[in-house]
Amino acid sequence: MPDRTEIRFLLNDTEVRLADVAPGDTLLDHLRLARRLTGTKEGCAEGDCGACTVLVGRLREGRLAYEPVNACIRFLASVDLAHVVTVEHLSRPGGALHPVQAAMVANHGSQCGFCTPGIVMALYALWMRHPRPTKAQVETALQGNLCRCTGYGPILAAGMTVSDHGDAAADPLATEREAVAARLAAMDDGAAVSLGAEGHAVLPRDTADLARRYAARPEATLVAGATDVGLWVTKGLRSISPAIFTAHLDDLRAIRRDGDTLRIGANASYADAARPILADYPHLTEYWDRFAGWQVRSMGTLGGNIANGSPIGDMPPVLIALGARLVLRRGDERRTLPLEDFFLDYGRQDRRPGEFVEEIRLPRPNPAHRHGAWKVSKRREEDISAVAAGFRVALDGDRIAEARIAFGGMAATPKRAAAAEAALAGQPFAASSFAAAAARLPDDFAPIDDMRASGGYRMRVAQNLFRRFWLSQAEAAPERA
């Protein structure tokens, strides 16, 4: 089947077909400049403020699911076969307010209004999932929206009272969902998409097609959630051409259990992976909500966070501590390696030309293991880690049989604390053992000073996390204290 040379999507109620799409074209620019849908605002252009929030619906296993995304770093090519919903779509006949808008007005939730459209769209997504949300659910939904001129109290009140102004089941996104799904399905001809005379932007049919195309063009930029690559374009003004987009590949998004292993497709977003991973490892629940905001968790992928190779990525330290393994693929060839072996040096990973991260494999939890995970940052929400840490300690009775402890932000790569781990092996499961292990941490790391933290602060925080791990275990089992 020949490649299709245009993208197709629904924009509110309108079918759009575009052939002239460059790899770095953003959804936000298309909305504002080409469509004059200026309700969607540009604030930060880096997925941080939420003023550009829109909903993107895509068919997943025959069901249409909507997620809030940052249009400023969502590339236009990636919305092929999707339903893009902007704040203009909330308009009601006769000018009546949408229930989310009515709740904002009733609770005095808007002042200057610049950030309001993005807040309304985040609350809209929440209301469709949870018509009567708790305060905590509203707070979590709004992590990715920064309001510059109001207190958040009125906005939180609006989020909790939307159903006082209307019924979510009667909303068009609910009543017209089957019709919209049918329209999207009708657009899908099963072909890959190749945009530009030389295929500068490509959307493969499936993972096998991705593997073939990337092996043939290893210089291409792989674009999954674009939560980092988007900034290469909007802030770094870099060209990402040629680009191969993967966010639409459901087979690369699959999460399944295989015996004692949880197999997570590299394309799985943080939102996708939350339920299965937290079911096995509930100690990550609080940590999970520290990743960026809802929009970025909907877009960002686990595989992308790993493949990017950042020393301050949120997931690698905890996954290394849990004993995760990677499956790398080039063409039809695959190899597996421990996650910690993937990171070689700053900006360097063990990934050959044309090879990509296909899967992350996590072992099932062992009852003899004790876990901990923490992220330390200047700001609680939507901030990059100064230090991130994952702990897994295996017990044999009252002694430590083995320890896996990994840190981010302490070195040029996410890295295990080998000397500290060795200091724990064979020792009593006691506060003194963790204090001794913390004292060995300078043998493992020499952290740098930068804008997020000084090296001395990082070392002190990392050492204190050994104490925090012990206290968390002692609190869970007071007889050990």
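## Helix H14 and its end

Helix H14 is mostly covered, as 8 of its 8 residues are buried, where buried stands for under 20% relative accessible area, exposed for over 50%, and partly exposed for what lies in between (1.4 Å probe, protein chains only). The buried residues of H14 are Met315, Pro316, Pro317, Val318, Leu319, Ile320, Ala321 and Leu322. Helices (H or I, at least four residues) and strands (E, at least two) are DSSP runs that are numbered from the N terminus.

Methionine 315 belongs to helix H14, which covers residues 315-322, and methionine 315 counts as buried because its relative accessibility is 0%. Between methionine 315 and histidine 130 there are 185 residues in sequence and 27 Å in space, taken from C-alpha to C-alpha. Just after H14, glycine 323 adopts a positive phi of about 85°.

## Basis of the values

This is a predicted model, in which local features need pLDDT of at least 70 and side-chain atom pairs count only at pLDDT 80 or more, while totals for chains, interfaces and linings use all residues. Residues are numbered from 1 along each chain as its sequence is written, and side-chain values use heavy atoms, with hydrogens and water left out.

## Domains

The domain assignment divides the chain into domain 1 (1-189), domain 2 (250-363) and domain 3 (370-479), with bounds that come from an automatic or database domain assignment. The centres of domain 1 and domain 3, taken over C-alpha atoms, are separated by 40 Å.

## Salt bridges

Side chains of opposite charge can pair when their charged atoms come close. A salt bridge is taken here as a side-chain nitrogen of Lys or Arg within 4 Å of a carboxyl oxygen of Asp or Glu, and by this rule the count comes to 35 salt bridges. One of them joins the side chains of arginine 17 and glutamate 15 at 2.8 Å, N to O; arginine 17 is partly exposed with a relative accessible area of 45%, and glutamate 15 is partly exposed with 37%.

A salt bridge also links glutamate 355 with arginine 335, again at 2.8 Å from N to O. Glutamate 355 lies in the loop between strand E15 (348-349) and strand E16 (356-363) and arginine 335 in strand E13 (residues 333-338), so this pair ties together parts that are 20 residues apart in sequence. Glutamate 355 is buried at a relative accessible area of 4%, and arginine 335 is buried at 17%.

Aspartate 450 and arginine 458 meet through their side chains in a salt bridge of 3.1 Å, N to O, in which aspartate 450 is partly exposed with a relative accessible area of 31%, whereas arginine 458 is buried with 1%. Salt bridges that share partners join Arg4, Glu6, Arg8, Glu15, Arg17, Asp80 and Asp189 into one network.

## A patch of negative charge

On the surface, Asp20, Asp25, Asp29 and Glu42 gather in a patch of negative charge. Such patches are made of residues with over 30% relative accessible area and no salt bridge, where like charges are joined within 9 Å and nonpolar side chains (Val, Leu, Ile, Met, Phe, Trp, Tyr) within 5 Å. Lys and Arg count as positive and Asp and Glu as negative, while His and the chain ends are not counted; the place of a charge is NZ of Lys, CZ of Arg, CG of Asp or CD of Glu. The accessible areas come from the Shrake-Rupley method with a 1.4 Å probe, and for residues only the protein chains shown count as cover.

## Backbone features

Most residues other than glycine have a negative phi, and most peptide bonds are trans. Asparagine 12, in the loop between strand E1 (7-11) and strand E2 (14-18), has a positive phi near 55° and is buried, with a relative accessible area of 11%. Leucine 81, in the loop between strand E4 (63-70) and strand E5 (82-85), has a positive phi near 60° and counts as buried at 17% relative accessibility.

The peptide bond from serine 241 to proline 242 is cis, with omega near -5°, and proline 242 sits in the loop between helix H9 (229-234) and strand E9 (243-245).
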